[in-house]
Structures are given as C-alpha cells and as structure tokens.
Amino acid sequence: MTATAEHDDAFMRRALELAEKYRGRTSPNPIVGCVIVDDHNSILAEGAHRALGAPHAEVEALAKLGGNARGATMYVTLEPCTHHGRTPPCAPAVVASGVSRVVVGTEDPVAGHGGGMAILRQAGIAVDRALVAECDASNRPFLTWAKHGRAAFTLKAAISLDGKIATVRGQSRWITGEAARADVHHLRDTHDAVLVGIGTVLADDPQLTARLPDARDPIRIVVDSGLRIPATAKLVTGTGPRTIVATTDMAERAAEQVLVAAGVEVWRFAPANGQVPLEQLAAQLGKEGITSVLVEGGGQVHASFLQSGLADELVIYVAPKVLGGPAPSWVGGAGVPNLAAAYGFRFAGEVVRFGDDLRIRAVRRT
C-alpha cells in the first residue's frame, strides 16, 4: 500500500515549502523539494536542493532513510533527473530505493535531463502528477532559462493609489512603509540579480543590497547606454557581489577603463535605437547562469522591458496615498494606442498586506 491520491496536494504543497526555502541559492539549477510518505500517510523523510552542486532533493531525502524507501510514496516538485552533471542522476537512485509510487510536479524541460518519469514507469513504479501549475510557477526562472535561454525578469514598483512613483518635485522616499520596504529586500535576496537604469543611479546612488539577517546580496546590473555611471557611485566603489554595467558600442573606452579598473564588468552591445538591446542582455545573462532578475527601474526602464516582451512578472506595492498632477508613473514610454494593445497579465497568488500597504503580484499571460 502507498499514500492515497486524496493526500497528494497536501504533500506536494509541503514539498513546495521545502523548495522555497532555498530560492536564489541554486541557480541555474531549479529549486526542488521532496517528501517521502508511508502507507499510513506519515512523513518518513524530507529533502530539498539547497545549493548548486549540493545533493538533489530526492537524494537528500533518501539518504535520511539509508536509501531504502520500499513501498513508500515520493512527492517531488520536479521530475527526477537522468543527467550526470555536478551530481549523479536521481532517477536510478529513486528506482533503487524501492518506492512504489512517485508523484511529480514539473516535467524537466532540459534536453538530456528529462525522461525520469519514463524510467520510473519502466521499473514498475506508479507515476502520477499533482499541483503541476503551482510547481511550474515556483520554478518560472528555471523554466524560462531552460526553454528560452534567457533570464526571467520581475518588474518591481512602489506606487501611490494613482500609480505614481514620486511627487511632481521628484520626492519618492518613502511612498511605502517600512514593512513593504523590508519585503523588497527579501525579493533581492531571492533573485540572482537586481537591475536598474542609469537614471536611478544618478538620482539615488543606490547600493542594491539585501539588508536582512542572513540575506544574500544579488548581482547588481546597470543599464547605461552612454556609460554615464560615475566612478564614485556606490555600485562602483562599494564592496559586494558583481556589478555589471550593460552599455553600447557608442560609450567611450576611457570611461570603460576606469570602471574595469575598479572591478566593474562592462558588457558592450551594438545599440538598438541608441539603447542597450534588452533581448541580447537577457540572453547574455542566461549564458552566465543568471536566471532571475529583479528590475527596480524607473518608468522608462519598466516600459522598455514591457515593450521587449521580457516582463515575466510584476510585483507592485501600493500605498494608500494619492499624489496627483503630472508626477512620474511606474511605467513611462509612449504608451499603447488602444486597449487591444495593452500588455496582458493575470493576477497571481494572494494580495498581501504590509502595514498600510498592499503587495500585488501578476504574471504575463502566455
């Protein structure tokens, strides 16, 4: 006897919780959680993929049982792999454990890595699926990278009720409260990189760090077509992870040499309408194994990502304030000519309250 299907969703949700603990730690690999259950629906062991090169979730869970899970049911958020990379493949270990049933969330899309479910079935193991949409959503950056060879982008903004990011005089600190701002630091911690435009650097001189206990600072990316970033900017002079400045071939070489001497990476691209081609930047980030990027740009940067079709997710913090007037909005640019041309998203997850503010999430319609 094995765990019954009526409990599948509950155990898969637990596997998703385990995976979520290590978001931002496994790139370019996915986050994965695993739960092994006996025929009385009691949990025998749990595991998660904790870091790049660390044991996969199934292997970690099985190790707690000495590799023997005979007759049990395994719940895993991603199909057991068949590829020998930094670690041995998981599917053979799952077969050898003696499990009777495996419940899978996401199918592995990487060429040469998939086929785990087929191997399990060939070994006589029952294979079912549960919470497929939820598991796919949890690994959106990995799936985007695996399928399209680029990073996935989350656009973040803190706005008033009328969609403004600053007053008519440019005051933006602070539209939202302390609790919402702390959640932004959590977002930085769980993304591989954070991206801003040169306008944000010139106006705010940010550090773009994740200022929370035990947080991991993301890679910093600046889109700067003319290489105007000052050599005195905190992103240039400060300590921390990599700083990448994406620029164009129009930028002066002398300015590049100053930045490189300070430890900054300068990526040059052939300009597209005088700007950094975001599609090429996204692909280069993917080649570097950077799969998730939090975009904290101003209105023009956000507009550029929307126009390029690269805005995969939106995280919007809304404060109960109205600013009015011709103050800047979180999306600039020329705008769309009609409603039929609007950028389409759907709300995802719950609306979460942080003090007086709300956080709204939306993902791009596909």
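Modeller: A residue is termed buried under 20% relative accessible area, exposed over 50% and partly exposed in between, with a 1.4 Å probe and protein chains only. The model is predicted, so local features need pLDDT of at least 70 and side-chain atom pairs count only at pLDDT 80 or more, while totals for chains, interfaces and linings use all residues. Residues are numbered from 1 along each chain as its sequence is written, and side-chain values use heavy atoms, with hydrogens and water left out.

Biologist: Is Phe354 buried or exposed?

Modeller: Phe354 has a relative accessibility of 17%. The limit for the buried class is under 20%. Because of that value, Phe354 counts as buried.

Biologist: Which residue forms an aromatic pair with Phe354, and of what kind is the pair?

Modeller: Rings of Phe, Tyr and Trp (its six-membered ring) pair if their centres lie within 6.5 Å; planes under 30 degrees apart are stacked, over 60 edge-to-face, and the rest tilted. Phe354 lies in strand β14 (residues 352-354) and its partner in strand β12 (residues 311-318), 37 residues apart; strands (E, at least two residues) and helices (H or I, at least four) are DSSP runs numbered from the N terminus. The centres are 6.4 Å apart and the planes at 55°, and the partner in this tilted pair is Tyr317.

Biologist: How are the rings of Phe153 and Phe305 arranged?

Modeller: Phe153 belongs to strand β6 (residues 152-159) and Phe305 to helix α12 (residues 299-307), 152 residues apart, so the pair links distant parts of the chain. Both Phe153 and Phe305 are buried. Their ring centres are 4.9 Å apart and the planes stand at 50°, so the pair is tilted.

Biologist: Which residues touch the most other members of the largest nonpolar core?

Modeller: A nonpolar core is a set of buried Ala, Val, Leu, Ile, Met, Phe, Trp, Tyr and Cys residues joined through side-chain atoms within 4.5 Å. The largest one has 33 residues. A second, separate core of 23 residues includes Leu187, Val201, Ile229 and Leu294. In the largest core, the residues asked for are Phe153, Leu195, Leu281, Leu285, Val293 and Phe305.

Biologist: Where on helix α11 do its buried residues lie?

Modeller: Helix α11 (residues 278-287) has Leu278, Leu281, Ala282, Leu285 and Gly286 as its buried residues. The arc is that of the directions from the helix axis to the C-beta atoms. Seen down the axis, the buried residues fall within an arc of 140°, so they line one face of the helix.

Biologist: Which residues does Ala57 touch, leaving aside those up to four places away in sequence?

Modeller: Ala57 is in helix α2 (residues 57-63) and counts as buried at 1% relative accessibility. Its C-alpha is 5.4 Å from that of Cys34, 23 residues apart in sequence. With contact meaning heavy atoms within 4.5 Å, Ala57 touches Val32, Gly33, Cys34, Gly47, Ala48 and His49.

Biologist: What radius of gyration does the chain have?

Modeller: The radius is taken over C-alpha atoms, and the globule rule is 2.2 Å times the number of residues to the power 0.38. For 366 residues, a compact globule would have a value near 21 Å. The chain agrees with this, at 23 Å.
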